[in-house]
Amino acid sequence: MSERIIDPAAKGWATSWYEASARARVDGLLDAGSFREVIGPEQRRMSPHLPLFDLPRAFDDGMIVGSGRLDGKPVLVAAQEGRFMGGAFGEVHGAKLVGLLRAALALKPDAVLILFDTGGVRLQEANAGETAIAEVMRAIVQLRAAGVPVIGLIGGRAGAYGGGGLIAGTCSRLVVSEGGRISVSGPEVIETNKGAEEFDSRDRALVWRTMGGKHRRLTGGADAYADDTVAAFRQAALDLIGRAPAFDLATLEAEQARLEQRLTRFGDCRDGTEIWARLGVNDPEAVPALTTAAFDTLLASLGETTHDAR
Amino acid sequence: MEKLSFRHTTQRALAGAKAQAITGVVASGNLEVLLERALAPTECTVEIETPIRGYGEVWAAVVADFVARAQPGGLRITINDGGARPDTVSLRLLQGARLMEV
Amino acid sequence: MTLAEILASLFPEGHSVTVAEGLVNGEGPFRGGRLAVIGIDGDTALGVDGACRLAGYVLDVVRRGGATPILVAIDSDSQRMSRRDELLGLNEYLAHLAKTLLLADAHGHPTVGLIYGHSAAGAFIATALATRVLVGLPGANPSVMDLPSVARVTKLPLDRLEAMAKDTPVFAPGLDNMVRTGAVQAVLDPGQPLAEQIAAVIDALPADDTRDRAGRERGGRPVAEAIAAQVVREAALG
């Protein structure tokens, strides 16, 4: 597959978010020339563990962190490269994100943006990855409590799976696109454990009705739905910075009520289309094929998909 | 992992003043190339780490061809290979050189 | 130790902790006040329903006020792997549970995790790993994935993985490896009263998250602490 060369002359706003590398996403998302990377590839802080498995390493261990501006606002940014080891959390990868969040506590940027693209924990560094994920969640909560919004952007090929899905659930706000999936267990793992009757992992339409961007947006699992372009993600992130809920007892009480209500209303549903029907969608079967504009219209008509309980 | 290292002399330094560039991703059939303007103007080194052993001669030929074409004098080039084919390697190296010429 | 033995050792004067469908909830007298206990028993998988209920129990403790510490006792499977759980947004439920524990911890209710049985993946992250400090009992078995499954996914022979596991604590399951990684602070002594040991843990709670430092000191995570610290030092708003 072809790599898009970062052309310093073009802004690249029409670039597909899904197809872009992590570096290209950061480059396109932030104000031109504003990105300052920390622990960049030239420092060669690579995985100390992958050579044991005869696996190639990445200069940045698949995690890019640094600072920049978003429409003039100072932000800290982390971006996962989903094509390297499935964007999975290893020791260095996780530590860079933990460090960024701790830096944000001291620096108090207008927001921290996390560009998710991860299958979860990197098996070869499982214990380090898993612990890092827990450290990230604790750091995000601390940051939110200190008044810094943490915005998650999900639209890459690896999605936000496993521990990545849990981290996403701690963010103040989430932007998701059609291609972005959010889940804990992956389709193959469910099928291996429970059989194809339970989940046919080769049924792509089923995967997207269950874990995909539109479904998550409709059920309030994400707060904004973006077209698959850098420009759309940029605009959505900007919109959400000003609408981040506080991290306090009231918010968590509201989330408890929201999540309890979801179980009551949809707990017996077998498929995404059933849930959408109960939400008031007239033609649930047509949802997957809806254009962004049509989907936005649908969301506006439903109203209840937007909340502050995260 | 196999480590390979090549040193070349070029006729001239690579144009431009860019200090560093990176292109590509470490994934199956792909590779990551880091370029740093770090050497004397007519020196070029290419270091490779690859999980696919036994292709030293192919790498040597691809690198020599790239050096002859791009004249990347002054560049220290480091590669993390994910098992890319020679034509992909050539493409990335040329992409990288182009990024450095800015 | 079984949950019943743990509770008896924590609360020699009795307690009101119950288990229903694998979910643990209740409290007992502790150092002149109370100690709340929530958790998972019986190697039970954690799904949307269980996570929602546990989160509610945590919020109950916070709403009641006081400075009641919360013990999160865990013998769980991984997250429940089903179409229904993912359809309903399991990631939100697990994250919400972790958030309630993190909120409680920040609002005067110190949280202590106690892993005494199994736990894995999403269930482990949402419960035991979301506490301020996590301790274990001998025989506990936290894991990300069992080695035979790792062998299947990585396509490496199992005996080779087992050999590698001996030299590096970074990937293989087991309590000792999680201690070395810094995720588990200490292993308690089942031969001594638990109430005193838990009290000592609470009295020594770190102010910050120092798991990466422990990982470096114990050799389980040689570089994480330094990497995070370097980012903190070098990041600056432009």
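Modeller: The conversation below goes through the chains, their contacts and their sheets. Please keep in mind that this is a predicted model.

Biologist: Which pair of chains makes the most contacts?

Modeller: Two pairs of chains touch, and the most contacts are between chains A and C. This contact takes 79 residues from chain A and 68 residues from chain C. Helix α3 of chain A, residues 126-145, supplies 13 residues, the largest share of the side of chain A that touches chain C. Sorted by class, that side of chain A has 40 nonpolar, 23 polar and 16 charged residues.

Biologist: And how many residues of chain A are in contact with chain B?

Modeller: Here 16 residues of chain A are in contact with 19 residues of chain B. On the side of chain A that touches chain B, nine residues are nonpolar, one is polar and six are charged.

Biologist: How far apart are the nearest C-alpha atoms of chain B and chain C?

Modeller: They are 14 Å apart, and chain B and chain C do not touch.

Biologist: Back to A and C. At what angle do helix α9 of chain A and helix α2 of chain C pack?

Modeller: The angle is about 150°, and the axes of the two helices lie 10 Å apart. Angles over 145 degrees count as roughly antiparallel, so α9(A) is roughly antiparallel to α2(C). The crossing of α9(A) past α2(C) is left-handed.

Biologist: Which residues make that contact?

Modeller: From α9(A), residues 249-266, the contributors include Leu249(A), Leu252(A), Leu259(A) and Leu263(A). From α2(C), residues 48-64, they include Val48(C), Cys52(C), Ala55(C) and Leu59(C). By class, the contact of α9(A) with α2(C) has nine nonpolar, two polar and three charged residues.

Biologist: New topic: chain A by itself. How many helices and strands are there in chain A?

Modeller: Chain A has 11 helices and seven strands. Its radius of gyration is 19 Å, close to the 19 Å that the globule rule gives for 310 residues, so chain A is as compact as a globular protein of that length. The C-alpha trace of chain A spans about 55 × 45 × 40 Å along its principal axes.

Biologist: In what order do the strands of its sheet come?

Modeller: The order in this open sheet of chain A is β1-β2-β3-β4-β5-β6-β7, and the pairing is mixed. At the edges stand β1 (36-38) and β7 (224-226) of chain A, each with a single partner strand, so one side of each has no neighbour in the sheet. On average, neighbouring strands of this sheet are turned by 25° against each other, direction ignored.

Biologist: In which sense do β1 and β2 of chain A pair?

Modeller: They pair in the antiparallel sense, over three bridges. Arg36(A) stands opposite Ser67(A) in β2(A). Helix α8 of chain A, residues 230-241, packs on this sheet, and its direction makes about 165° with that of β7(A).

Biologist: Now chain C. Which strands are at the edges of its sheet?

Modeller: Chain C has an open sheet of seven strands in the order β1-β2-β3-β4-β5-β7-β9, with mixed pairing. Its edge strands are β1 (18-20) and β9 (186-187) of chain C, each pairing on one side only. Strand β7 of chain C pairs with β9(C) in the parallel sense over two bridges, and Val135(C) has Ala186(C) in β9(C) as its bridge partner. Helix α1 of chain C, residues 3-10, packs on the sheet, with its direction at about 170° to that of β4(C).

Technical notes. Residues numbered from 1 in each chain as written. Chains lettered and ligands numbered in written order. Predicted model: local features only at pLDDT ≥ 70, side-chain atom pairs only at ≥ 80, totals over all residues. Contact = placed C-beta atoms within 7 Å. Helix = DSSP H or I, 4+ residues; strand = E, 2+ residues; numbered from the N terminus. Nonpolar A, V, L, I, M, F, W, Y, C, P; charged D, E, K, R; others polar. Pairing = 2+ DSSP bridges. Axes fitted to C-alpha atoms, helices over the stretch in contact; angles between N-to-C directions. Parallel < 35°, antiparallel > 145°, perpendicular 65-115°, else oblique. Left-handed = near helix turned anticlockwise from the far one by under 90°. Rg over C-alpha atoms; globule rule 2.2 N^0.38 Å.
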